[in-house]
Amino acid sequence: MDEWIDSYRHELAGDKWGDVDPERVLELARVVAHGTERRNAPLATFMAGRYVASQEARGRDAGEGLEQAIALADRLLAGGEAS
């Protein structure tokens, strides 16, 4: 990550980033921006973050929660349905 976003993350969350790969979050934003209206990208990443946090609160792995959120976005962008 670049220095600005790393400082921003640290101020918001301290050293807690969990098992979430920031490059995967950026990939989610890119896929959503190119597959739908661009303005959906920040909303999708915000919602994914909320989902990941809820999974962590239940004792589940943050990285796995992010992968589930990405898989859902991929499925919906491919024309699939949400469960």
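## D74 on helix α4

D74 is partly exposed, with a relative accessible area of 38%, a class lying between buried (under 20%) and exposed (over 50%), computed with a 1.4 Å probe on protein chains only. This residue lies in helix α4, and its C-alpha is 8.8 Å from that of L28, although 46 residues separate D74 and L28 in sequence.

The model is predicted, so local features need pLDDT of at least 70 and side-chain atom pairs pLDDT 80 or more, while totals for chains, interfaces and linings use all residues. Residues are numbered from 1 along each chain as its sequence is written, and side-chain values use heavy atoms, without hydrogens and water.

## Packing of α3 and α4

Helix α3 (residues 40-57) packs with helix α4 (residues 62-77) at an angle of about 140 degrees, their axes being 8 Å apart.

The crossing of α3 and α4 is right-handed. The contact (heavy atoms within 4.5 Å) is made by A48, Y51, V52, Q55 and E56 of α3 together with A62, G65, L66, Q68 and A69 of α4; by class, six of these residues are nonpolar, three polar and one charged.

## The largest nonpolar core

This core, a set of buried nonpolar residues joined through side-chain atoms within 4.5 Å, has 13 residues, of which V20, L28, V32, V52 and L66 touch the most other members. Helices α2 (22-35), α3 and α4 each supply at least two residues, and α4 gives the most, with five.

Beyond its neighbours within four places in sequence, V52 is in contact with V20, A62, G65 and L66.

Conventions
Axes fitted to C-alpha atoms, helices over the stretch in contact; angles between N-to-C directions. Helix = DSSP H or I, 4+ residues; strand = E, 2+ residues; numbered from the N terminus. Left-handed = near helix turned anticlockwise from the far one by under 90°. Nonpolar A, V, L, I, M, F, W, Y, C, P; charged D, E, K, R; others polar.
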